[in-house]
Every structure is written in C-alpha cells, then in structure tokens.
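Here's a quick briefing to read with the model open beside you.

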Amino acid sequence: MIQDIFPHQFSNVFENSVSSSNACICPTFENQIFLLEENNFLKFIETPDVSDNYQFLFKLDSVPFYFKEQTNEEKDILSKKFPEGKWIKRKDLRNVLPKHIAFVSAIALQLADWYKNNQYCGRCQSKTQHDSKERMVFCPKCNLQIFPKISPAVIIGVFHQDKILLTKYRNGPTANYALVAGFCEIGETLEDTVCREVKEEVGLQVKNIRYYKSQPWPFTDTLLAGFFCELDGSADITLEENELSLAEWHSRNEIPVEENFVSLTNEMILFFKNHPEYFEKSP
Ligand SMILES: [Zn+2]
C-alpha cells in the first residue's frame, strides 16, 4: 500500500522549531506541491536553512519538512529558479514514483490544506494562531482548538462462498473495480457503517464482520478501515444507481484485478483471491 515505504521512515511527531543543517521544503499552491524532476523520478527541494515563515510538517528519514503556501509572485520566482520543477495536484500523486515521495507529498498537501482552511475561527471568525506544542490551531479570542480533520471510512469485502462482491463507482476517480465503501456517520461504530453501506449500496445483509487493516488516504483526508464480512441471506443485488455503476459477484479464479501496491481496496481483493484458507475459518 502507498504508506508502506520501508526502509524509509515517516514520523509525524510535531516539533515547533527544528534545528537542522539539512531540511526539505514543500512549496504549495492551491493544493499542488512543487517537486523537482530528475531522470523521471521526483525529489524534494533541499535547503540548509528554512526561513521563519515556513511551517513544520513532519520528518522523513530524520529530515524535517516544511511548507509554505506560495503567492503568485513566489510561484513564478520558484519556477524560474528550478526549471526542472513541477507542480503536482494532490489527486495525481498516487501515480508518481518513487512511492515514498508520492505518499509524503500527499500528506504535506493534506496538512497544508488543513492550515489554509483554518486561518479563521469557525465560531467567532477571529484569526487563529498556530500552537507551539502540538499540531493544532487555536482562536485567541474564544479559545476554540482545531485539530487536523480526518474522516473515517470503511472498505468492505463482502464474500459468499468462493465469491467476492466487486463494484464500480459511478463518479469515482478511476474506472477500476472497487469494493463497497463509505464514510462513517456521526454516532456509528465502524461495524454499523459496514452494515449500513452494504445495505444502502447493494441491498444485502452481512454477518461475521472481521477487521482486516487500515490505511491513511491523504488524497481525500480519510482514514480507511478495511473489513471482510460474509453474506447473510439472499445474494440478489439491488444497486444504488446514484453511487454505483456496477456490482457483481466474482469467484476467486475470475477476479479481474491486477496488483497495484497503492490501495487497501486492491490489497483486499487480492488477499481474498490468494488466501482462501482465511475465509474458510469463522472469526
Ligand atoms: Zn473564536
């Protein structure tokens, strides 16, 4: 999956001021990040010193990363200074290499976007300030504290004997096969979301819900939790046509999906295909 970047090590422990002789900067502009291209691979801009108006993001392999949203003028200066540079949108990062650059760039844009969207207090409209001890902004007037927003969502591998339910989303970013998925509503457990989404999207009942793995998905500010569950009752699908263009049962030997090393969805589909023994046991 995209977050599996070993031997590289990502650390998002917050530090207010990091003294380091080497750092990387992530200039951002309207949800795009500026990266340098070298021999078809992307890399970050390294710098021996970071100016005060850059905000700390995280560390990769002990190197601190900082970002600053660029003005139009700064953006032009940067493009002239680094002709090998490229602006890349967050949603397009999943397709770039190397994978660790793609992953941390998406995280950088996720954090940059959060800082940008919380410059003012949503309660009293005062200008917010960056906290010095943790990744939080606060309102000096009404004391509202704002932490980075992550929306939990579930990915659901519904199976029945040797078949798994594959879907295609009507307005999804790709035309690839997917699994049933959806965001958690306030007041729901993850398991409640699993049952509700399966019922809403394909009209089926499920049982024996088993947690599989999770995945940070910085492209949509989401934390994904993957579950497998077994069909309970009728296998007749009633498609929610506003969301899905297709939902169909595929037996193990007819799963039309190739490994992509990016998404939890992809890993779960192939895990079902390659590990029948896991699904024979009751949880
Ligand atoms: Zn306020």
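Strand E12 (residues 151-160) and strand E16 (residues 222-231) run parallel and are joined by nine bridges. Strands here are DSSP runs of E, at least two residues long, numbered from the N terminus, and two of them pair if DSSP finds at least two bridges between them. Keep in mind that this is a predicted model, where local features need pLDDT of at least 70 and side-chain atom pairs count only at pLDDT 80 or more, while totals for chains, interfaces and linings use all residues. Residues are numbered from 1 along each chain as its sequence is written.

**Around E16**
- Across from Glu 230 in E16 you'll find Phe 159.
- E16 also pairs with strand E15 (residues 206-217), this time antiparallel, through eight bridges.
- Val 206 has Leu 231 of E16 as its bridge partner.

**Domains**
- The protein chain is split into domain 1 (10-117), domain 2 (119-148) and domain 3 (151-280), with bounds from an automatic or database domain assignment.
- The centres of domain 1 and domain 3, taken over C-alpha atoms, are 33 Å apart.
- Six residues of domain 1 and five residues of domain 3 make the contact, which requires C-beta atoms, placed from the backbone, within 7 Å.

**His 8**
- His 8 sits in the segment before strand E1 (10-11).
- Leaving out residues up to four places away in sequence, His 8 touches Leu 60, Asp 61 and His 100.
- His 8 and Ser 62 are 54 residues apart in sequence, yet 9.6 Å apart in space, C-alpha to C-alpha.

How values were computed:
Contact = placed C-beta atoms within 7 Å. Helix = DSSP H or I, 4+ residues; strand = E, 2+ residues; numbered from the N terminus.
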